[in-house]
Amino acid sequence: MKKGMVIKMELKIGYIPGDGIGPEIIKEAKKVLDAVMKQYGHVAVYKELVLGGASIDAFGIPLTEETIREAKSSDAVLMGSIGGDASTSPWYQLPPSLRPEAGLLGIRKALNLFANLRPAVLYEELAESCPLKQEIIQDGFDIMIMRELTGGLYFGERKTSVENGIRTAVDTLTYNEEEIRRIAIRAFDIAGKRNKKVTSVDKANVLDSSRLWRSVVDEVAATYPEIRCEHMLVDNCAMQLVRNPGQFDVILTENMFGDILSDEASMVTGSIGMLASASLNDSKFGLYEPSHGSAPDIAGMDIANPIATILSAAMMLRFSFDLDLEAQTIENAVKAVLKAGFRTKDIMSEGKTLVSCSEMGTILAQTIETIAMEVTI
Ligand code: IPM
Ligand code: MG
């Protein structure tokens, strides 16, 4: 494509450095984004937002109205990570509703980010880090986990009380058909652009909410005749992910099952530091964040892997701004840099070149300039 053909855009991006390694990885993601903006002639207007532990330290609560307002006035939000070490951080002395995680759940709800996309991809260059045997991974796998993000157990009523001297706790798992339908439609739409298969995961042999889930998914499936739909029980799915991950294309599931299965799927790739995610509402707005956590044990040491956040920025360009070429440029740069042998500590192996978090960002930004030159000549 000729450079002159690219439409120049102004991108209003909110960014949340957050806690732990968050600030370091966000810095590198911005470095890479800036390189892309420069190459394609777009302008990013950034606004820093405060969330999680950082917000507790500054304002006493994990999510402020100001952050919600700023996020709503952005076109998209890019996040590092939130949370600390629960056994040592004072944030975890606070009541649960005031801890960092409550801020993340709160912003998802406030922005109606019901569709969580978590790709679990086996990178050819990193296949040696995959903990599964070669006979199981065969030609690799590329799974998109679609997790419902604003309903179910994490948002139901909960209560802890003492009944007749016995401590008792209740959490409720509620879904209505509309909440199920909208995420199912997203999953089928996305499967249509991939390998045309949806595996809907539930526990319909026990739970009413899962039986409703299954019947609504069937209704949606009937309107997508070109897409194969199968149902799988969550316990079986957990097993199939390590037995034959190549069978999956899109996995569609409710909030808690998706939380658990997406951690499992990311571990199976062997490179959790590489996995991005997007949380979308029903318009173009999204919150983009790495699939991994805030790794407080290595915070500030400049050894974290910024690639998951950088790939989340690529998802942001694709889903919120329709900038496919620009997103692809980032993804190609990541592959090229891995191919050239550069590795952060988490994905390091013999014979490769160890780089720091900031060096990885710089090398990627430089690579983008070369790649973008090639496609724009
Ligand atoms: C995730 C995290 C969060 C979740 C926590 C931090 C509330 O585990 O994004 O998967 O459970 O959704
Ligand atoms: Mg999780």
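The structure holds 2 cavities of 30 Å³ or more. A cavity is here a set of points, on a 1 Å grid over the protein atoms alone, where a 1.4 Å probe fits but cannot get out, and lining residues have an atom within 4 Å of a point. Volumes are the space filled by probe spheres set on the points, with grid points joined across faces, edges and corners. The model is predicted: local features need pLDDT of at least 70, side-chain atom pairs count only at pLDDT 80 or more, and totals for chains, interfaces and linings use all residues. Residues are numbered from 1 along each chain as its sequence is written, chains are lettered from A and ligands numbered from 1 in the order in which they are written, and side-chain values use heavy atoms, with hydrogens and water left out.

The largest cavity has a volume of about 40 Å³. Its lining consists of L173, Y175, D202, S209, S210, W213, E254 and F257. Sorted by class, these are 4 nonpolar, 2 polar and 2 charged residues. In this scheme Ala, Val, Leu, Ile, Met, Phe, Trp, Tyr, Cys and Pro are nonpolar, Asp, Glu, Lys and Arg are charged, and the others, Gly among them, are polar. Helix α7 (residues 208-222) gives the most to this lining, with 3 residues. Helices (H or I, at least four residues) and strands (E, at least two) are DSSP runs, numbered from the N terminus.

The second largest cavity has a volume of about 30 Å³ and is lined by R118, P119, A120, S262, S266, L275 and S291. The most comes from β4, with 3 residues. The lining has 3 nonpolar, 3 polar and 1 charged residues.

Pockets were examined on the same grid; a pocket is an open set with protein on both sides within 12 Å along at least five of seven lines. The largest pocket has a volume of about 940 Å³. It is lined by 27 residues, of which M144, R194, M315, R318 and F319 are the closest to its centre. At least two lining residues each come from β4 (115-121), β5 (142-148), α6 (177-192), α10 (307-319) and α11 (324-339). The largest share, 4 residues, belongs to α10. By class, the lining of the largest pocket has 13 nonpolar, 3 polar and 11 charged residues.

Ligand 1 takes the space of the second largest pocket, where a molecule sits in a pocket if more than half of its atoms lie within 2 Å of the grid points. The residues around ligand 1 are E101, R108, R118, R147, Y154 and D259, each with a heavy atom within 4 Å of the ligand. This shell has 1 nonpolar, no polar and 5 charged residues. Polar side-chain atoms lie 2.7 Å from an oxygen atom of ligand 1 for R108, 2.8 Å for R147 and 2.9 Å for D259. Taken alone, ligand 1 exposes 320 Å², and the protein buries 74% of that; accessible areas come from the Shrake-Rupley method with a 1.4 Å probe.

Terms used: A polar contact is a pair of N or O atoms within 3.5 Å; within protein, one must be able to donate a hydrogen and the other to accept it, and residues adjacent in sequence count only if both atoms are side-chain atoms.
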